[in-house]
Amino acid sequence: MQIQDMATFEMLAVLLGFLSLALFFGHRKHLKPAIPAALTFLASLAAMAWLILTWGHNFHWQTQAPFLLGVFPLTFEVDGLTRLFLLLLSTLTCAVSVFSPSYISHIAAKTHAGQYWICFWLFIVSMYAVVSSADAITFLVAWELMSLASIALVATDHSHQSVQKSAFIYLGATRVASAFLAGGFLWMHSITGSWTFHDWTFCIESTYIPAFLILIGFCIKSGIWPFHIWLPYAHPSAPASVSAIMSGFMIKVSVYALIRILVFGALNSLWIIAIAFALSVISTFWGVLFALVQNDLKKLLAYSSIENIGLVVMAIALSLYARAHSLPTIADLAIIAAVFHSWNHGLLKCLLFLSAGAVDAQAHTRDLRSLGGLAKRMPWTMAFFFTGSFAICSIPPLNGFSSKWLLYESFFQNILLSPTAIEKGLSLAVICLLSAVGALAIAVFVKAMGVGFLGVARSKSAQRAQEAGVGILVAQAALVILCVASGANSEFVCRLIAQSLTSSGLKVSYTISNGLPTGTVAILLSMLAASIYMIFLKTSKVTKYRTWDCGFGSLTEKTQVSADSFAQPLARIFRPFLRYQNSAKFEGADRRHFPEEVTVETQIISILENRVYLPALALFGGLAKLLSRLQAGSIHLYLLYVCATLCLLLILGMTL
Amino acid sequence: MTALLHWLTFLLSIILLPVLTLGTIRKTKARLQNRIGPPICQPIYDLVKLSRKGETISSTMCGVFRLSSLLAFADILVLAWLTPWLCFKPWAPHSNIFMVVYLFAFARMFTLLGSLDSGSAFGAFSASREATLSLLVEPAVLLALVSLGIFFGSSDLRVIFSHQTNQTFTDSAIWIAAGLAIFFSSLVELSRMPVDDPTTHLELTMIHEAMILEASGRNLALIEFAHALKMSIFFGLASQCFLRAFPQFNTFNVYSQGGLNIVGILGLALFVGLLESLIVKLQWRKVPEFIAYILSLSLIASLAAIGAGVIK
Amino acid sequence: MTVTATEICVLTAALLACLIVGSLHLKVNLWLYAMSTLFIALATAAAALEHSETGLFVIAILIALLKSIAIPKFFSWAIDKLHVYRDLGAIIAPPLAMHAAILLFSLSFILTKEIPSPAGPGNGWFGAAGGISLVFTGLLLMLTRRLAISQIFGFLVIENGIYVFALTQTKGMPLMVEMGILLDVLVGVMVSGLLLFKIQKSFEHIDVGQLTQLKEP
């Protein structure tokens, strides 16, 4: 049997399997989550095994006659780069499917189980399809499926008004993104006459506008400033298992596509690269800044995703720039940094969202203002969340550092190698900004960790929290192990990425002669810490007493730092960006010395939302109102429209 | 035999230099206040005393507090192994600039977490302030090191600090600018005088001291020693920058270089003592202005390094 | 590439001027201005040595006496009289403005690279860059401040820049012209100082930002 036929056969099998599963599960509102989760786990495991077993081989499939889309065959290709991303996807789905059973049982009352699982499967299958698609038509079809399935998943808990709003905003964003993409793809087709990504190059001037359209489309979908608005709405509204995949992988699909289309297509328009670079720099800064002032744990993570996607797109832009100026070492470093950081961020964000989900399920709130003191009640979740936070703050020797270091190093090399002073100065400014962003990220995650997990519980529900179920913990533990392992073996991973990129057609070599001693540092650190603990700290006599309260006594949960007050000194510095306002009101007869009531209110106004998007929406709403006059409800009028259109077409047809 | 000697001197300086640095600062301040002051070795006695005492911790705390001081200490030890803060280190590992900066961030992050563990408002407010300061000062530290990296064409501190300086004006200027930037930003990183008063006893104005308010006994000993070691590392880097600004420094042999290095560290400690006797703590709102000047120094150093590269 | 003593002094002066932008304290500004001008005087003296012109020596001494001692003394007295010690700052925060000034400082090197210089290739580039940078810094200072007195500081820095540019590009102007300019500056400063008192007296502030209230509605 030929490979073509086999692939067709497999597609048929997947479709049939999917249909039967849909028929079997789809209508059930209540369902034991273990069964579909186990199915997902097995399927993801099989996919992972296949990806690892066939490592190094490239596959190219084209569907045959009955499975055409109109006249177009669906084309799929799995090469080195695809394999890397698919491996990430299968890892994440494995973890999430282990996580799901105990998590879903917490939110079972609010969800239609059959609907949830069908959408979840559709979401994952479409992501496999979109990453392995080799032509624009297949890509767009799978992309639409992915978007729609994820919208349905965001709206899982659709009885809430806020969730409906989030789903609508997300829906709007995906529509606009798809419009840009479709425009770009069609344009490219008319230029090159081919739908296949391999045939597209962006070296000549006529391809610059479609390249720009494609870039904007992917920027919208990956949450780059100023199109990031949907992300902090969609991620918190979705169930944790979904937002873990969405933030962990779905926004990386855009990154993958940017690499596949623009980097492989050797885009060399300076303007487009500069736009991508500027947008990514702004979103890095913007994301971390807004993460700082969030009180919702998942919203905070969503903003942090914006920051990290900014870092990845920055690396891609640098790589494009360096390749256009024939500085291959920098281009290679930057593209490896982009892929590696996508990997790391995928693992980390999945881990953090799962932890946040565990907290949400146990403490019944994600609001940092009513969390606290979870460390004693959920020690494992705390350990996993802390490790994830350390890694995402790029603290060595964890994996977040390795990729961020590559980014730093490529900008540093750019200072050394690029010919003009302006470029050197810009790279220096970016290094400066990156370090400030890194310090801000530390503040963000210390706030999340310290206010969320340490201290005393700030509410009854946080006080009653219990350690999450085994599945939830195992899923997080697996991700933590992966993070630590890929951090300690960053050298190996970098070589692997370079090799995969080369095998898919982009010549990339990893040229760092002496890599980072992350492994040594990890070993040394743990050995030193263990030995000091055994010799010095373990034998120390420990007495427990109250927290120091200046002798006044009566420390309560209210006297602790709040999420707002922790961020206040930093937020004050960035008042112009955040529109940060902190107002305090003291009431009572002797307000100055013995206030009876103190109210403090912190307010942040999103300029982008209020000044740009709302007016734009209002404008569109007005235009739509004008158009809606056409719809009068009278059948005669509609018949008149049809008649008029027909006449018009006839006249046009005669004259042309 | 020489290798063994190198090892011994290095280990001795890891143990003794931090203590002597701290002692020198205290002694200088005491002398300038017309007091005799404690002996220079007093910090050793303090540490020994602390390690004999039992610990009292808050009942709110979980393991994070003790773990944080332990890991921060281990991390600073790793940094002492990694960074070329002494020119007579027995081995020279690959110490990347960005890695060093982020390892310092590692220690800081754990200190912040440790201060939040007790649920005390003092610890938390100082943690919030420390996070603010670190945001402001981290670019300054990084740019100071990067300026050296740009000038010598490598992001490896080992390569930078073993470079044979030429007799040109720009070499010296960049060494001095970077050294000044490292030194002044170390004052912020170490919570020394213009930013934070290490001898203050009012919780509301403390930064570093309030973060470690709950620490006692051996735990406190670890934190204090880690802090002193961090100080020596920073002063070591800064003093080497100043020494290498003189081209003659390269012509000396290892022993006199090492001696000068140690003298440099203690000299900087003396200078800190002098500074702390002469100036007052800045108002919290004025601190960003001070740090902005440090960042300007780093910026000048790195732009000069870029300029030198372009002209060459 | 050799750097002459004049150029080192000029660049130091330009950097010191950049630091003025970073602080809102008028006394600190004044002190930094005095230091910067002192370095310009030193640069003039060094140029006098290089070209062995005695006229430049006289100018150097005059600058040191008038611009770096007399004018700061006068303003220090004026500040005490006016009881205004701190500017309010406008548009961007002073620390950021200082960093911008330093960036403009490095940008001025790129801008002045192509200026044809009379004294052979490569010579006079750094001096010209220092002069242009001083002009930029002065403009930035005027842009980011609200008090009238800071506007005068900005003007003085610009004047320094123009002088430095002339000094490094043309080996200085004739003695009489220079002395005339110095006298002009001195008189200008005195007049503006007196005006300051007048403004303070009639409006009870010297905030330039409030000039917008004069606009016809």
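Q: How many residues of chain A are in contact with chain B, and how many of chain B with chain A?
A: 75 residues of chain A are in contact with 74 residues of chain B, contact meaning heavy atoms within 4.5 Å. Bear in mind that this is a predicted model, where local features need pLDDT of at least 70 and side-chain atom pairs count only at pLDDT 80 or more, while totals for chains, interfaces and linings use all residues. Residues are numbered from 1 along each chain as its sequence is written, chains are lettered from A and ligands numbered from 1 in the order in which they are written, and side-chain values use heavy atoms, leaving out hydrogens and water.

Q: What area is buried there?
A: About 6400 Å² between chain A and chain B, with carbon and sulfur atoms giving 77% of it. Buried area here is the accessible area (1.4 Å probe) that two parts lose on being put together, summed over both. On the chain A side, A:Phe412, A:Leu428 and A:Leu537 lose the most area to chain B, together 9% of what that side buries.

Q: OK, what about chain C against chain B?
A: About 1300 Å² is buried between them, 78% of it from carbon and sulfur atoms. C:Met98, C:His99 and C:Ile102 supply 31% of the area that chain C buries against chain B, more than any other three residues. There is one salt bridge between these two chains: C:Arg86 pairs with B:Glu289, with the closest N and O atoms 3.9 Å apart.

Q: How many salt bridges over all chains?
A: 19 by that rule. One of them is A:Arg260 with A:Asp79, closest N and O atoms 2.7 Å apart. A:Arg260 lies in helix 9 (residues 240–263) of chain A and A:Asp79 in the loop between strand 4 (75–78) and helix 3 (80–107), so the pair ties together parts 181 residues apart in sequence. Helices (H or I, at least four residues) and strands (E, at least two) are DSSP runs, numbered from the N terminus.

Q: Are A:Arg260 and A:Asp79 buried or exposed?
A: Both are buried. Buried is under 20% relative accessible area, exposed over 50%, partly exposed in between (1.4 Å probe, protein chains only).

Q: Which salt bridges in chain B join into one network?
A: Take B:Glu189 with B:Arg108 to start, closest N and O atoms 3.5 Å apart. Those two residues are both buried. Through shared partners, salt bridges join B:Arg108, B:Glu138, B:Glu189 and B:Lys230 into one network.

Q: Switching topic: how do helix 2 and helix 4 of chain A cross?
A: The axes of helix 2 (residues 34–53) and helix 4 (residues 113–132) come within 11 Å and cross at roughly 10 degrees. That makes the two helices roughly parallel. Axes are lines fitted to C-alpha atoms, for helices over the stretch in contact, with angles from 0 to 180 degrees between N-to-C directions; under 35 degrees counts as roughly parallel, over 145 as roughly antiparallel, 65 to 115 as roughly perpendicular and the rest as oblique.

Q: Which residues of helix 2 and helix 4 meet?
A: Among them are A:Leu39 and A:Ala47 in helix 2, and A:Trp117 and A:Phe120 in helix 4.

Terms used. Salt bridge = Lys/Arg side-chain N within 4 Å of Asp/Glu carboxyl O.
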